Amino acid sequence: MEKKSAVLACILVLNICTSISLVKCEYYSQSLPYNQVKEHKTSLHFYIHDIVSGSKPTAVPIARPKSGQGGPGFGQLFAIDDPLTEGPEITSTLIGNARGMYVSASQDAKPTLVMYMDLGFTSGKFNGSSISVFSRNPITESPREMAIVGGRGLFRFAKGYITVHTHSLSGNGDAVLEYNAEIVHP
Ligand SMILES: *[C@@H]1O[C@H](CO)[C@@H](O)[C@H](O)[C@H]1NC(C)=O
């Protein structure tokens, strides 16, 4: 009896191993012609709040260079979870959030951030969809432009740009930015 169940267990283990290795070993690759679908252009207008001060900042420094290297405009890295709202007031309707990072990345007089962020929408038609921004952001220029390089959900394969206006900038560095996004997507 015991021998039989040991054999059975052995067979079971072997079977599991074989199926695991089958799943693991198969590298899958297939290329087919890509049928271009009709593209849409969506314009989105909203505001983003980048709050660095107070007890509940939405942007926090996570790394900086060793002292003596870098400088005020070079080398500071921030993590962000910035709210996106319909209007310029923080109390206005929340429509999403910008999650990711930005790094101060200029060694000359013109302050420039490089943004790596995912703008996710949490309401309306684009709830659950997001756009990916990877771009430099010369923060003293208004308007300025940032590149949209992709997206998720309804914004799969997205491309486009965001025109940014500085709506307000407080003495302690909190900023409200007006974003006009032009997005081309399927
Ligand atoms: C957005 O989608 C999530 C997940 O499907 C859902 O729970 C939520 O209620 C939706 N929000 C709005 C405002 O439609």
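Thr122, Ser123 and Asn127 are the residues around the ligand, where being near a molecule means having a heavy atom within 4 Å of it. Asn127 also brings a polar side-chain atom to 2.4 Å from an oxygen atom of the ligand; a polar contact is a pair of N or O atoms within 3.5 Å. On its own, the ligand exposes 360 Å², and the protein buries 23% of that. Such areas come from the Shrake-Rupley method with a 1.4 Å probe.

A word on what you are looking at: this is a predicted model, in which local features need pLDDT of at least 70 and side-chain atom pairs count only at pLDDT 80 or more, while totals for chains, interfaces and linings use all residues. Residues are numbered from 1 along each chain as its sequence is written, and side-chain values use heavy atoms, leaving out hydrogens and water.

Now let us turn to the aromatic rings. A pair of aromatic rings is described by the distance of the centres and the angle of the planes. Rings of Phe, Tyr and Trp (its six-membered ring) pair when their centres lie within 6.5 Å; planes under 30 degrees apart are stacked, those over 60 are edge-to-face, and the rest are tilted. By this rule there are seven aromatic pairs. One of them joins Phe46 and Tyr179 in a tilted arrangement, 5.8 Å centre to centre with 55° between the planes. This pair links distant parts of the chain, since Phe46 sits in strand 1 (residues 40-50) and Tyr179 in strand 9 (residues 175-185), 133 residues apart. Strands here are DSSP runs (E, at least two residues), numbered from the N terminus.

The cut-offs are simple: buried means under 20% relative accessible area, exposed means over 50%, and partly exposed lies in between (1.4 Å probe, protein chains only). Another pair, Tyr116 and Phe134, is stacked, with 5.5 Å centre to centre and 20° between the planes. Here Tyr116 belongs to strand 5 (residues 113-121) and Phe134 to strand 6 (residues 130-137), 18 residues apart. Tyr116 is partly exposed at 37% relative accessibility. Coming back to Phe46 and Tyr179, you can find them in one aromatic cluster together with Phe121, Phe126 and Phe155.

Charged side chains are the next stop. The structure holds five salt bridges, each a side-chain nitrogen of Lys or Arg within 4 Å of a carboxyl oxygen of Asp or Glu. One of them brings together Lys41 and Glu182 at 2.9 Å, N to O. Because Lys41 lies in strand 1 and Glu182 in strand 9, this bridge ties together parts that are 141 residues apart in sequence. Lys41 is exposed, at 59% relative accessibility, whereas Glu182 is buried at 18%.

A further salt bridge connects Arg99 with Asp81, whose closest N and O atoms are 3.1 Å apart. Arg99 is in strand 4 (residues 94-105) and Asp81 in strand 3 (residues 74-85), 18 residues apart. Arg99 is partly exposed, with a relative accessible area of 46%, and Asp81 is partly exposed at 35%.

Glu141 lies in the loop between strand 6 and strand 7 (144-152), and Lys110 in the loop between strand 4 and strand 5, 31 residues apart. Glu141 is partly exposed at 29%, and Lys110 is partly exposed at 38%.

Conventions
A polar contact is a pair of N or O atoms within 3.5 Å; within protein, one must be able to donate a hydrogen and the other to accept it, and residues adjacent in sequence count only if both atoms are side-chain atoms. Helices (H or I, at least four residues) and strands (E, at least two) are DSSP runs, numbered from the N terminus.
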